[in-house]
Amino acid sequence: MRMLLADQGQEWQEDVVTIDLWQKGELKKSCLFGQLPKFQDGDLTLYQSNAILRHLARTYGLYGKDQREAGLLDMVNDGVEDLRLKYAQLIYQNYENGKVAYVEALPGHLRPFETLLSQNRAGQAFIVGDKISFADYNLVELVRNHLVLAPGCLASCPLLAAYVERVSARPRLHTYLQSAAHRDRPINGNGKQ
């Protein structure tokens, strides 16, 4: 969400919730599904990361040029979320015992994105179509997290490596990625990466 907003030249206010505040329980009780993030856009309040991401995509025209592209973007984003779930299980449940096996399996998990890129202008465009989308931001953010976990994870995915570099170099996004607001933010809540 932050990458999308930054790249689209939008400003936002973020309220950081400390673990102490969250553990008091009152904020959690006020959240519709008992979890964050919570997004406020005028009188619209949204919970759930992907609902927020898709709302922003519709707001800023980042949901593909037609229904075909929108469907493909939904598919890609669901694939990103499948990988994010595996990543979260490693980080929060099995880091010490599972990291080696996870890193070994990672190229296979990244291969579908490499394949999709190869099918779209030989990897010279975005994940779907010729215009950046919400799925691009979500994929790039997750791959960048994986590059911290396993710096060589893109060795067998040259199109994906070039794509992450190309998207990350977009001027406003690059500025955000270099900012203290991004650099100083922990990747994961438990400090493992």
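Mentor: Helices (H or I, at least four residues) and strands (E, at least two) are DSSP runs, numbered from the N terminus. This is a predicted model, in which local features need pLDDT of at least 70 and side-chain atom pairs count only at pLDDT 80 or more, while totals for chains, interfaces and linings use all residues. Residues are numbered from 1 along each chain as its sequence is written, and side-chain values use heavy atoms, with hydrogens and water left out.

Trainee: In which helix is Arg54 found?

Mentor: Arg54 is found in helix α4, which spans residues 49–59.

Trainee: Is Arg54 buried or exposed?

Mentor: Buried means under 20% relative accessible area, exposed means over 50%, and partly exposed lies in between (1.4 Å probe, protein chains only). Arg54 has a relative accessible area of 17%, and is therefore buried.

Trainee: Which residues does Arg54 touch, not counting residues up to four places away in sequence?

Mentor: With contact taken as heavy atoms within 4.5 Å, Arg54 touches Tyr63, Asp74, Asn77, Asp78 and Phe134, once residues up to four places away in sequence are set aside.

Trainee: How many salt bridges does a search of the whole structure find?

Mentor: Side chains of opposite charge can pair when their charged atoms come close. A salt bridge is counted when a side-chain nitrogen of Lys or Arg is within 4 Å of a carboxyl oxygen of Asp or Glu, and a search of the whole structure finds 8 salt bridges. In one of them, the side chains of Asp74 and Arg54 meet at 3.1 Å, N to O. That pair links distant parts of the chain, for Asp74 is in helix α5 (residues 67–93) and Arg54 is in helix α4, 20 residues apart. Asp74 is partly exposed, because its relative accessible area is 26%. Arg54, Asp74 and Asp78 are linked in a network of salt bridges.

Trainee: Where do Arg84 and Glu81 lie?

Mentor: Both Arg84 and Glu81 lie in helix α5, 3 residues apart, about one turn of the helix, and their side chains meet in a salt bridge of 3.2 Å, N to O. Glu81 has a relative accessible area of 22%, so Glu81 is partly exposed. The side chains of Glu141 and Arg84 also meet in a salt bridge, at 2.9 Å, N to O. Glu141 lies in helix α7 (residues 134–149) and Arg84 in helix α5, so this pair ties together parts that are 57 residues apart in sequence.

Trainee: At what angle do helix α6 and helix α8 pack?

Mentor: Two packed helices are described by the angle between their axes and the distance between the axes. Here the axes are lines fitted to C-alpha atoms, for helices over the stretch in contact, and angles run from 0 to 180 degrees between N-to-C directions. Helix α6 (residues 95–118) and helix α8 (residues 158–168) pack at an angle of about 80 degrees, with their axes 8 Å apart. Angles under 35 degrees count as roughly parallel, over 145 as roughly antiparallel, 65 to 115 as roughly perpendicular and the rest as oblique, and α6 and α8 are therefore roughly perpendicular to each other. In α6, Leu110, Phe113, Glu114, Leu117 and Ser118 meet Pro158, Leu159, Leu160 and Tyr163 in α8.

Trainee: With which residues is Val167 in contact, leaving aside its neighbours within four places in sequence?

Mentor: Val167 lies in helix α8, and counts as buried because its relative accessibility is 1%. Leaving aside its neighbours within four places in sequence, Val167 is in contact with Phe126, Ile132, Val140 and Leu173. The C-alpha atoms of Val167 and Pro37 are separated by 24 Å, and the two residues are 130 residues apart along the chain.
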